[in-house]
Amino acid sequence: MDEHWRTVTLAADAARPHEEAIAWVAARAGTGIEHVRVVGVDPALEGRVGSDGKRVAEHVADETRDALPGVDVAIVRHAGPLDAALVRESDAGDLLVVGTFRSRRGSTAGNGPARVAERSAVPTVVVPDGPHPIDGDVVLAVEEPLDERAVAIAVDEARRRHRRLTVLRAWEMPVLTRTGLTDFAEDPLRWRRQNEALLQRATAVLAARYPDVRVRLLLVEGHPGRAIAAHTRQASLVVLGQGHVHVLSGSVLHDVLRATVSPVCVVPPSAHEAAASSAAMDSATAGGAATTGTAATDDTPNDEEVPA
């Protein structure tokens, strides 16, 4: 599955740093983006920015036109809360991009973008305010079964940016077992081996499909949300599939978005429905054989790297 983002929906809100989101979209100039839809609130409720006193959505639209010449940019207004408007408008495009504050403190930090990303009809990229200190690997957090759309996005990004793909499996010991107690003499090793095997299986699939992509395997023990967030410091993009969206009632996603340093692409369950329909139509009109081979691996030490 190839990801072609022709229509991008962009949030415009005075409470969020839209400049970083615009820059993220602008970096994809020439990749097929044809339309950008700037979603703003009712003008009566919207603040003004800049020396020209333009309203937020108008300012975002102008900045986007400057960054993406030749791309059609339109403003879409909503009277209600912006988060709800973004969810409603998401199905009119191929990708939703939302800015968020990395530096904001408190239990609600990142909750708005997380709620939007959970409910969006398309993949959502949450871009924290800068700076983004490291333009590193594309990180794909894996569950089983593999999220095919998350894989496609991560691979496309790694190819486009000529970056390595880090396949990350974050795992945590369960507090309780069926007996009610954890056997500390045996269970940690058993759980580690199970997660290592899952990571190996996922990488074997990626190796067969994408032999041109450099791959690094990374097994990390710890709370998945915090472990993934820690690795955003070395990433250019982190991709989370539907297996990470509703784990523990969404706490993994919220933890990642609260602490992320790099942009995070979230592929919620609802984003697969339209994609599945499109894929069915494509497969009915054109067939293709799977490419097989061995992925190039990179064994730079970092945490617990697993030999491929």
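This is a predicted model: local features need pLDDT of at least 70, side-chain atom pairs count only at pLDDT 80 or more; totals for chains, interfaces and linings use all residues.
**Exercise 1.** Classify the aromatic pair formed by Trp5 and Trp24: stacked, edge-to-face or tilted?

Solution. 
- Start with the count: one aromatic pair is found.
- Take the distance. The ring centres of Trp5 and Trp24 are 6.3 Å apart, and the cut-off for a pair is 6.5 Å.
- Take the angle. The planes of Trp5 and Trp24 make 40°. Stacked needs under 30 degrees and edge-to-face over 60, so the pair is tilted.
- Place the residues. Trp5 sits in the segment before strand E1 (7–11), and Trp24 belongs to helix H1 (residues 18–26). The pair therefore ties together parts 19 residues apart in sequence.
- Check burial: Trp5 and Trp24 are both buried.
- Arg28 lies over the face of Trp24, 3.5 Å from the ring centre.

**Exercise 2.** Is Arg216 buried or exposed, and which side chain does its own side chain contact?

Solution. 
- Locate Arg216: strand E10 (residues 214–221).
- Read its relative accessibility, 6%. Buried means under 20%, so Arg216 counts as buried.
- Find the partner. The Arg216 side chain makes a polar contact of 3.1 Å with the side chain of Thr166.

**Exercise 3.** Describe the surroundings of Thr124: which residues is it in contact with, leaving aside neighbours within four places in sequence?

Solution. 
- Locate Thr124: strand E7 (residues 124–128).
- Its relative accessible area is 0%, so Thr124 is buried.
- Its side chain joins that of Ser120 in a polar contact of 3.3 Å.
- Beyond the sequence neighbours within four places, Thr124 is in contact with Leu96, Val98, Ala117, Val264, Cys265 and Val266.

Conventions:
Residues are numbered from 1 along each chain as its sequence is written. Side-chain values use heavy atoms; hydrogens and water are left out. Rings of Phe, Tyr and Trp (its six-membered ring) pair if their centres lie within 6.5 Å; planes under 30 degrees apart count as stacked, over 60 as edge-to-face and the rest as tilted. Helices (H or I, at least four residues) and strands (E, at least two) are DSSP runs, numbered from the N terminus. Buried means under 20% relative accessible area, exposed over 50%, partly exposed in between (1.4 Å probe, protein chains only). A charge sits over a ring if NZ of Lys or CZ of Arg is within 6 Å of the ring centre and within 35 degrees of the ring normal. A polar contact is a pair of N or O atoms within 3.5 Å; within protein, one must be able to donate a hydrogen and the other to accept it, and residues adjacent in sequence count only if both atoms are side-chain atoms. Contact means heavy atoms within 4.5 Å.
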